[in-house]
2 protein chains.
Amino acid sequence: MSMELLKERIIRDGLAIGTEIVKVDSFLNHQLDVAFLYELGAEFYRRFADTQPDKILTMEASGIPVAVLTALHFDNAPVVFAKKAAPSTMTEGFYIAEVTSFTKGVISQARVSQKFLNAEEGILIIDDFLAHGEAALGLISLVEQAGAIVLGVGAVIEKEFQNGGRRVRERGYRVESLAIIKEITEGKIIFK
Amino acid sequence: MSMELLKERIIRDGLAIGTEIVKVDSFLNHQLDVAFLYELGAEFYRRFADTQPDKILTMEASGIPVAVLTALHFDNAPVVFAKKAAPSTMTEGFYIAEVTSFTKGVISQARVSQKFLNAEEGILIIDDFLAHGEAALGLISLVEQAGAIVLGVGAVIEKEFQNGGRRVRERGYRVESLAIIKEITEGKIIFK
């Protein structure tokens with residue numbers, strides 16, 4: 001599937017709010033168009049096939065659908081999702097990273113059980129958005145705390161003007177964004 | 001896939017904690033065995049194929065993987081996941097239900113944008129666990145607030161001793177649980 005279709009979908013179904021936010025909750029992160037997300041997963045596979053990840057890591061909750069549907073293309077690689085709250089069942093050791101959500105206005109702690117990230121494993125990070133880069137850098141930190149290797153970061157939508165992509169790329173990580181928004185202005189979404 | 005394999009997996013990889021909790025975070029709700037969950041989705045399809053759902057509804061975060069992988073079997077029916085926090089991007093109207101999490105010891109508000117549940121739609125509810133029934137009853141409430149129709153409730157694991165399945169069935173809803181735990185005692189998981 002051409003990523004032009006993703007841009008068309010974002011324009012057709014997305015809602016630009018102010019200059020910072022694009023809502024795509026009709027297909028990406030509240031209601032899920034699973035056939036469409038499966039095709040986005042195929043595109044991540046096309047771009048990262050050479051990396052042969054042992055696992056795919058994402059952030060709950062909205063990263064989970066696209067990560068799971070990407071994993072189907074990577075020979076059913078296990079998906080691990082970082083949790084933002086510590087349930088009472090999360091008793092043993094975990095890796096932890098602080099993540100600021102600008103959208104929600106809160107700092108949360110992302111954590112992954114130490115059992116599920118192992119030294120030397122190759123990890124592909126997949127998420128719905130790459131905005132300020134907080135979530136991506138938090139996930140990268142979790143991987144590296146485990147001594148595992150970040151193979152790359154894939155995002156469905158990068159908001160270039162919030163500089164997360166630049167922050168992650170400047171640290172030397174490979175980033176693949178399926179649609180890159182340059183600007184949101186007067187209710188319009190402008191792609192790179 | 002026989003659901004005996006699910007029971008074997010729960011016994012092999014699950015961890016019984018006290019008399020109330022079984023941790024299955026190595027394949028169901030933290031690390032995800034996507035090929036295995038895809039097969040569980042096929043079993044939900046087998047059991048609910050006659051219901052022809054318009055949408056599948058689940059609860060973030062741990063219901064999302066199995067709901068998404070179930071939707072693939074239902075001709076890519078859209079998945080909607082209820083959110084437990086209100087992000088600043090959730091500006092317009094939503095349906096809301098109070099849900100007590102006994103595991104996390106908190107009451108949260110599950111909400112779904114009114115755009116994504118419509119009158120007369122047939123909704124299949126899918127979740128990872130059916131324990132005290134709080135999440136299932138909350139999801140049922142969201143569906144009925146919209147004037148939509150609950151076609152059934154599917155859970156990967158029902159903890160029968162916590163009576164959620166009974167509560168939901170007594171209200172007249174169809175419930176299909178892929179594995180039913182009768183009792184957790186002395187570190188052992190006993191199936192019905």
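Analyst: Contact here means heavy atoms within 4.5 Å. The model is a predicted one. On that cut-off, the contact draws 40 residues from chain A and 40 residues from chain B.

User: What area is buried between chain A and chain B, and what percentage of it do carbon and sulfur atoms give?

Analyst: The buried area is what the two parts lose in accessible area on being put together, summed over both. For chain A and chain B this area is about 3300 Å². The share given by carbon and sulfur atoms is 68%.

User: How many salt bridges does the rule find across the interface of chain A and chain B?

Analyst: The rule asks for a side-chain nitrogen of Lys or Arg within 4 Å of a carboxyl oxygen of Asp or Glu. Lys115(B) and Asp25(A) form a salt bridge through their side chains, with 3.3 Å from N to O. Across the interface of chain A and chain B, the number found is two.

User: Which helix of chain A gives the most residues to the side that touches chain B?

Analyst: Across this interface, 12 residue pairs are in polar contact. On the side of chain A that touches chain B, at least two residues each come from strand 2 (21-23), strand 3 (31-32), helix 2 (34-48), helix 3 (64-71), strand 5 (79-82) and strand 7 (106-113) of chain A. The most, five residues, come from helix 3 of chain A.

User: How many residues on the side of chain A that touches chain B are nonpolar?

Analyst: That side of chain A includes 11 polar residues and nine charged ones. The nonpolar residues there number 20.

User: What relation holds between chain A and chain B, given the rotation of 180 degrees that superposes them?

Analyst: Chain A is superposed on chain B by a rotation of 180 degrees, with 0.0 Å of shift along the axis and an RMSD of 0.0 Å. Because the rotation has these values, the relation is that of a two-fold axis. The same surface serves both copies, as 100% of the contact residues of chain A recur in chain B. The answer is therefore a two-fold axis.

User: Which residue of chain A comes closest to the rotation axis, and where is that residue placed?

Analyst: The closest C-alpha of chain A is 2.5 Å from the rotation axis and belongs to Ala61(A). The peptide bond leading from Glu60(A) to Ala61(A) is cis, with omega near -10 degrees. The residue is Ala61(A), and its place is the loop between strand 4 (55-59) and helix 3 of chain A.

User: Is the peptide bond from Glu60(B) to Ala61(B) cis or trans?

Analyst: Ala61(B) is found in the loop between strand 4 and helix 3 (64-71) of chain B. The omega of the bond from Glu60(B) to Ala61(B) is near -10 degrees. This peptide bond is cis.

User: Which strand of chain B pairs with strand 5 of chain A?

Analyst: Strands of a sheet pair through backbone hydrogen bonds, either parallel or antiparallel. Val80(A) has Gln31(B) as its bridge partner. Over two bridges in the antiparallel sense, strand 5 of chain A pairs with strand 3 (residues 31-32) of chain B.

User: Which residue takes a positive phi in the hairpin of strand 6 and strand 7 of chain B?

Analyst: Strand 6 (residues 94-101) and strand 7 (residues 106-113) of chain B pair in the antiparallel sense over eight bridges. One of the bridge pairs is Thr100(B) with Ile107(B). Four residues lie between the strands of this hairpin, and the residue with a positive phi, near 70 degrees, is Gly105(B).

Terms used. Residues are numbered from 1 along each chain as its sequence is written. Chains are lettered from A and ligands numbered from 1 in the order in which they are written. This is a predicted model: local features need pLDDT of at least 70, side-chain atom pairs count only at pLDDT 80 or more; totals for chains, interfaces and linings use all residues. Side-chain values use heavy atoms; hydrogens and water are left out. Buried area is the accessible area (1.4 Å probe) that two parts lose on being put together, summed over both. A polar contact is a pair of N or O atoms within 3.5 Å; within protein, one must be able to donate a hydrogen and the other to accept it, and residues adjacent in sequence count only if both atoms are side-chain atoms. Ala, Val, Leu, Ile, Met, Phe, Trp, Tyr, Cys and Pro count as nonpolar, Asp, Glu, Lys and Arg as charged, and the others, Gly among them, as polar. Two strands pair if DSSP finds at least two bridges between them. Copies are superposed by least squares on the C-alpha atoms of residues with pLDDT of at least 70 in both.
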